[in-house]
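Hello,

Here is the structure I promised to pass on. Please open it first, then read my notes below.

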Amino acid sequence: MTKIRFAQSEDSGKITTLLNEGFGWDIKNVSADFFNSNNIFCLVAEDVTGNIIGTATLHIIQKIERRAAQIEDVVVSKKHRGKKTGQELIKSLVALSKEKKCYKITLNTHKETIPFYTRLGFNNEQCQMVLKH
C-alpha cells in the first residue's frame, strides 16, 4: 500500500534523485525555500518500507479575485510505474486544490501522458506559450 504525505526538507535528496532520473535533469538538490513556501505543496508517495517512490507538486497562484493551481514535477520511479502511484498523487493534489479553494488546476504534459491525465478528469484545452531564459 502506498502512503501519500507532505514532503519535508529531509526528503530533498530522495526527491532530487527522482526528478533527475524521471526527467533527465542534473539538479544538485531541491532548495530549502521550496519546502517553506505557503503556496507550494509537494507530496511524496512512500512504499510499504518507507522508500519515496513518487512525488508531485501543487503551486497555488493568487489571481485578482480567485486562486488557481498548477501541478508540476509529477514523477514516479520506473519500477513503480503502472501501480497507480501517480494516480494517487494526482488525486491527492486535486483534493488539496479544492481545500485551498482553487477554481481550476492546470498542468503541462507530453503527448504520451495525455491519456493518463484524461482518465483522471483533465481536459486538453488551450495552447501554452513558453519563453525560456
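**What I found**

Glutamine 126 has a relative accessibility of 73%, so this residue counts as exposed. Glutamine 126 sits in the segment after helix H4 (114–119). Its phi is near 60°, a positive value in a residue other than glycine. Most residues other than glycine have a negative phi. Keep in mind that this is a predicted model.

Lysine 84 is not a glycine either, yet has a positive phi of about 75°. The loop between S4 and H3 holds lysine 84. Lysine 84 counts as exposed, because its relative accessibility is 53% and the exposed class begins over 50%.

**The fold overall**

The protein chain has four helices and five strands. Read from the N terminus, the order is β-α-α-β-β-β-α-β-α. The radius of gyration is 15 Å, close to the 14 Å that the globule rule gives for 133 residues, so the chain is as compact as a globular protein of that length. The C-alpha trace spans about 40 × 35 × 35 Å along its principal axes.

Some totals for the protein chain:

- Of the 133 residues, 37% are buried.
- Take the contacts between residues at least 6 apart in sequence: 56% of them join residues at least 24 apart.
- The accessible surface is about 9100 Å², and carbon and sulfur atoms account for 50% of this area.
- There are 20 positive and 14 negative side chains. The centres of the two sets are 5 Å apart.

**The cores**

Which residues have the most contacts inside the largest nonpolar core? They are Leu58, Ile71 and Phe122, in a core of 20 residues. Several elements each supply at least two residues of this core: strand S2 (40–46), strand S3 (52–62), strand S4 (67–76), helix H3 (85–99) and strand S5 (102–107). Another core, of eleven residues, lies apart from the largest one. Its members include Ala7, Phe34, Val44 and Ile52.

Phenylalanine 122 is worth a click. Leave out residues up to four places away in sequence, and phenylalanine 122 touches Ile71, Ile90, Val94, Ile105, Leu107 and Tyr117.

Is threonine 2 buried or exposed? Threonine 2 counts as buried, because its relative accessibility is 18% and the buried class runs under 20%. Threonine 2 lies in the segment before strand S1 (3–6). Its contacts, leaving aside neighbours within four places in sequence, are Ala45, Glu46, Ile53, Thr85 and Glu88.

Phenylalanine 35 also counts as buried, with a relative accessibility of 17%. Phenylalanine 35 is part of helix H2 (residues 32–35). What does phenylalanine 35 touch, not counting residues up to four places away in sequence? The partners are Ala7, Gln8, Ser9, Ser12, Ile15 and Val30. Phenylalanine 35 and serine 9 are 26 residues apart in sequence, and their C-alpha atoms are 5.9 Å apart in space.

**Two partly exposed residues**

Tyrosine 103 is in strand S5. With a relative accessible area of 36%, tyrosine 103 is partly exposed. Tyrosine 103 touches Lys63, Arg66, Arg67 and Ala68, again not counting residues up to four places away in sequence. Alanine 68 is 35 residues from tyrosine 103 in sequence, and the C-alpha to C-alpha distance is 5.7 Å.

Serine 37 is placed in the loop between H2 and S2. Its relative accessibility is 26%, so serine 37 counts as partly exposed. Along the chain, serine 37 and histidine 59 are 22 residues apart, and 9.5 Å separates their C-alpha atoms.

Best wishes

Methods: Residues numbered from 1 in each chain as written. Predicted model: local features only at pLDDT ≥ 70, side-chain atom pairs only at ≥ 80, totals over all residues. Heavy atoms only, no water. Rg over C-alpha atoms; globule rule 2.2 N^0.38 Å. Buried < 20%, exposed > 50% of the residue type's maximum accessible area, 1.4 Å probe, protein only. Contact = heavy atoms within 4.5 Å. Areas by Shrake-Rupley, 256 points an atom, 1.4 Å probe, with all protein chains shown as cover. Lys, Arg positive; Asp, Glu negative; His and termini not counted. Charge placed at Lys NZ, Arg CZ, Asp CG, Glu CD. Core = buried A, V, L, I, M, F, W, Y, C linked by side-chain atoms within 4.5 Å.
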